[in-house]
Amino acid sequence: MDKVPPNNHFEANFTLETGDNQLMFVLVVDKNRKPLNPCHPARARKFLKEGKAVVLRRYPFTIMLKNVEEDCDNQQEYRLKLDPGSRTTGISILKDNTIIWAAELNHRGYSIKQSLESRRALRRGRRNRHTRYRKPRFNNRNRADGWLAPSLQHRVDTTLTWVNRLRRFCPITAISMELVNFDTQLIQNPEISGIEYQQGELAGYEVRQYLLTKWGRQCVYCGIEGVSLQVEHIHPKSKGGSNRVSNLTLSCVKCNQRKGNKPIEQFLSRKPDLLKKVLSLGKCPLKDAAAVNSTRWTLYRALSETGLPVETGTGGRTKFNRTRQELPKTHWLDAACVGQSTPDKLQVLIDKPLIITATGHGTRKVCRTDKYGFPVRYVPRSKFVHGFQTGDIVKAIVTKGKKIGTYMGRIAVRTTGSFNIATPNGLVQGISHKYCSRVQGKDGYQYTFSRKSCRTAVYVRGRIPPHT
Ligand SMILES: [Zn+2]
């Protein structure tokens, strides 16, 4: 750990801010807050040591140069790459073929849905308790075009927040995002085009993604889920079946072997309903709507409004790029593999991404309720206690009592002035506000570093990662 001169009001702690033993680049801005080229952590450490820079933000770790001349020449090209997911969105920043910064953004869509449902139920109960019977209203409420459910809109909003935030700290010149699961060319005429043998390996990945969507990610014969599925010819190839997508389905290894080269009618002779379903579903192409994800399209439109060139990629290509380079499946590596612009050989210096978890901004409830909606507990009118609020990241240097030591983490405030601090080593309770100093104000997110290193994940599989 480095000693930083006292003129730096934030003492930098690299193992906490950039994760341990990794090369996550440090974001840099000049004194007018114009983003400069991100720099190597060693360089940032030197700047801070010599007093040429101060820490602007802990998460993402950003320094501000006191001297503008220091680093403003030769601006380079940085590509921000996104893999939007329902629970987690992968974010990577690439310079040429190197991943210099990576994060995984965990959304809270599910908890939004839950709390809206609970609010609805409580209101319903309250109306029934206190008011006369009211007839149901006409269905007279319209939704604007492009309306998304709050839990989905939240995904778009938080992703955009991070795109804009990163643009403030890094001179990003282009954006890539995964827009659809499989190639749109394939959607237009999917059942006519052939399989990988005719069109190359990439088309094979697109076909697989298409089949996964069409057949619902399960074995068509036994319905098993969560196992690896094989592409299956409905009419066996040896009996003259074609490679067309309409003749393909997905089955588990067992069913595939049991079916062998039997004709489908013979294999499913005891299950006439299933036979009928497979034959009819095989022929009908997947509707466009099934492949189009409204959340991703909304995000795409919003990203286009930033004015940066936005490249879109398919899930098939992402998987193709990642598998070809033998990279483990993580959200941030998937993000780095999105789109046609992905370099043939990605250099992965980072092994642990920054984990950003959306926590929300508390609640507007004036009292806490039990599960039936009855008030059980008072809620303080002000969120601030001795100048702190829940979600602030603080550093506490405790000098007296049983808990002597230094703690850093996210706090939960208590009106008594005795706070809880969530540190990387667990929750520390009952720390007085007197010992705390704020490191970064609450911004609706919680930050940690992934405990799992992607390098070890690669080693476990007996492969040597390409970058070592
Ligand atoms: Zn099966």
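This report covers model confidence, the zinc site, the aromatic pairs and the surroundings of one aspartate in a predicted model.

**Confidence**

Averaged over the protein, pLDDT is 82, and 84% of the residues reach 70 or more. Among the secondary structure elements, strand E5 (residues 79–83) has the highest confidence, with a mean of 96, while helix H15 (residues 454–460) has the lowest, with a mean of 41. Two stretches fall below 50. One is residues 1–12, which have 26 contacts in the model beyond near neighbours in sequence. The other is residues 456–468, where the model has 17 contacts beyond four places in sequence. Where pLDDT is low, the predicted coordinates should not be read in detail.

**The zinc site**

The zinc ion has four protein donors, the SG atoms of Cys 219, Cys 222, Cys 252 and Cys 255, at 2.2 to 2.3 Å from the ion. Along the chain these donors follow the spacing C-x2-C-x29-C-x2-C. Cys 222 belongs to the loop between helix H7 (201–214) and strand E9 (230–233), and Cys 252 to the loop between strand E10 (248–251) and helix H8 (253–259); the pair therefore ties together parts that are 30 residues apart in sequence.

The angles subtended by the four donor atoms run from 102 to 115°, so the arrangement is tetrahedral. For comparison, the ideal angle for four tetrahedral donors is 109.5 degrees.

Cys 252 is buried because its relative accessible area is 7%, under the 20% cut-off. Cys 222, with 44% relative accessibility, is partly exposed. Another cysteine, Cys 337, is buried with a relative accessible area of 0%. The structure contains zero disulfides.

**Aromatic pairs**

Six aromatic pairs are found in the whole structure.

| Pair | Geometry | Centre to centre | Angle between planes |
|---|---|---|---|
| Tyr 59 and Tyr 447 | stacked | 5.1 Å | 5° |
| Trp 162 and Tyr 447 | edge-to-face | 6.1 Å | 75° |

The relative accessible area of Tyr 59 is 7%, which counts as buried. Tyr 447 is buried at 9% relative accessibility, and Trp 162 is buried with a relative accessible area of 0%. Together with Tyr 445, the residues Tyr 59, Trp 162 and Tyr 447 form one aromatic cluster.

Leaving aside residues up to four places away in sequence, Asp 83 touches Thr 88, Thr 89, Gly 90, Glu 178, Arg 296, His 331, Asp 334, Ala 335 and Val 338.

Terms used: Residues numbered from 1 in each chain as written. Predicted model: local features only at pLDDT ≥ 70, side-chain atom pairs only at ≥ 80, totals over all residues. Heavy atoms only, no water. Disulfide = S-S within 2.5 Å. Buried < 20%, exposed > 50% of the residue type's maximum accessible area, 1.4 Å probe, protein only. Donors = N, O, S within 2.8 Å, 3.2 Å for Na, K, Ca; no water. Tetrahedral: all angles 85-135°; square planar, octahedral: opposite > 155°, others 65-115°. Helix = DSSP H or I, 4+ residues; strand = E, 2+ residues; numbered from the N terminus. pLDDT = per-residue confidence, 0-100. Contact = heavy atoms within 4.5 Å. Phe/Tyr/Trp six-rings, centres within 6.5 Å; stacked < 30°, edge-to-face > 60°.
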